Protein chains: 2
Amino acid sequence: MKIKKLNSTQIYKGEFISFYNDEILIDDKIKTVREYIIYPPAVGIIPVLENEKIVMVEQFRYANNMFSLEIPAGKILDNEDLKYAAIRELEEETGFRTSPENLVKLYTYTPAISYSTEKLTIFVAKNLEKTEQDPDEDEIIKVKILSLYEILDLINENKIMDSKTVLAILMYKYSFMEKYGEV
Amino acid sequence: MKIKKLNSTQIYKGEFISFYNDEILIDDKIKTVREYIIYPPAVGIIPVLENEKIVMVEQFRYANNMFSLEIPAGKILDNEDLKYAAIRELEEETGFRTSPENLVKLYTYTPAISYSTEKLTIFVAKNLEKTEQDPDEDEIIKVKILSLYEILDLINENKIMDSKTVLAILMYKYSFMEKYGEV
């Protein structure tokens, strides 16, 4: 298969999101359009306390008009190292600090592969130390500490809607724990 | 928490994606902006053959410039019933047909909760009958039939990047099979 880009139009340049419309030619014969957004890489963190409970955050998600229970997460800043972004977001959103050697990479994936360039990397974080929560001014975040099984129950009832949280928790339970054992 | 919408601007109206920039006021004091896209509901299907193998599709994903192995999926047409959309997409992309009573809903989630209204519902499909593959003209799709364990191995090596496929396969393996047993 051969893809030729005929035209790329930047429709919008936002603070974080840029929106494009490209005209492409497939195999020299099919002319079509791809609409997509360019979005920075992001990180999600599963913060595991010594008692094995997990630090979650609940926040209002405007685009979907819902309160959402999620693992802490965020976009990287300009060229920021993924582990440092994870440590920064974890502390900002939950008030727990850790250091790079306490992070294990779990998975990297594309949340919306057909229309967003976002790549999200999930880490498991341990050896957490309590500091101060310091969310961005426009993030209204409530910290909630739950056991893995409480979270799995919520997933079992389809009460968690956020893809990174469902994917991360299932992978933590069924892949990470097989490799690394219980905490 | 109180959210007041001050302004909503439609930046772009595409065939499937509309892009918005809203100015909002949080708790009568914090003025900020939310950039997001309005996207139709979508469906993903785990098509399980009688020999327990799973029908996957490989396609080129322009926005992410990669070939991607995925479960069949697609957007619903105007007000289309989710099960009918699943049956239609399954047949178009793979050439396998099934009927509504052979679909079991597995999960509904938001792939990109902070910036897309998309809600994706995953079904498990059984009792498949071979017909003809009929993808959209601009979809270049290759059908690949794999065992669940071959797919889990690929996930274990982080070789599947698509969120719906990772989430669906983990959930199928660890939740669906516990409730419904092996096929």
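The model is predicted, so local features are given only at pLDDT of at least 70 and side-chain atom pairs only at pLDDT 80 or more, while totals for chains, interfaces and linings use all residues. Residues are numbered from 1 along each chain as its sequence is written, and chains are lettered from A in the order in which they are written.

**Domains of chain A**

Begin by colouring residues 3–38 of chain A as domain 1 and 42–180 as domain 2, bounds that come from an automatic or database domain assignment. The C-alpha centres of domain 1 and domain 2 of chain A lie 31 Å apart. Where they touch, 5 residues of domain 1 are in contact with 4 residues of domain 2 in chain A, contact being C-beta atoms, placed from the backbone, within 7 Å.

**Chain A against chain B**

Show both chains next: 49 residues of chain A are in contact with 49 residues of chain B. Select α3 (163–180) of chain A, which gives the most to the side touching chain B, with 7 residues; helices (H or I, at least four residues) and strands (E, at least two) are DSSP runs, numbered from the N terminus.

**The core**

Now pick A:I46, B:I46 and B:A125, the residues with the most contacts inside the largest nonpolar core, which has 91 residues. Such a core is a set of buried Ala, Val, Leu, Ile, Met, Phe, Trp, Tyr and Cys residues joined through C-beta atoms within 7 Å, and buried residues have 20 or more other C-beta atoms within 10 Å of their own, exposed ones 12 or fewer, and partly exposed ones a count in between. Beyond neighbours within four places in sequence, the contacts of B:A125 include B:I45, B:P47, B:L90 and B:L103.

Move to A:Q10, which is in strand β1 of chain A and counts as exposed because it has 10 C-beta neighbours inside 10 Å. Leaving out residues up to four places away in sequence, A:Q10 touches A:S18 and A:Y20.

**An open sheet**

Finish with the open sheet of 3 strands in chain A, ordered β6-β5-β12 with antiparallel pairing, where two strands pair if DSSP finds at least two bridges between them. The strands β6 (66–70) and β12 (141–146) of chain A stand at the edges with a single partner strand each, so one side of each is left without a neighbour in the sheet. Between β5(A) and β6(A) there are 5 bridges, and the partner of A:R61 in β6(A) is A:M66.

Definitions and conventions:
Two residues are in contact if their C-beta atoms, placed from the backbone, lie within 7 Å.
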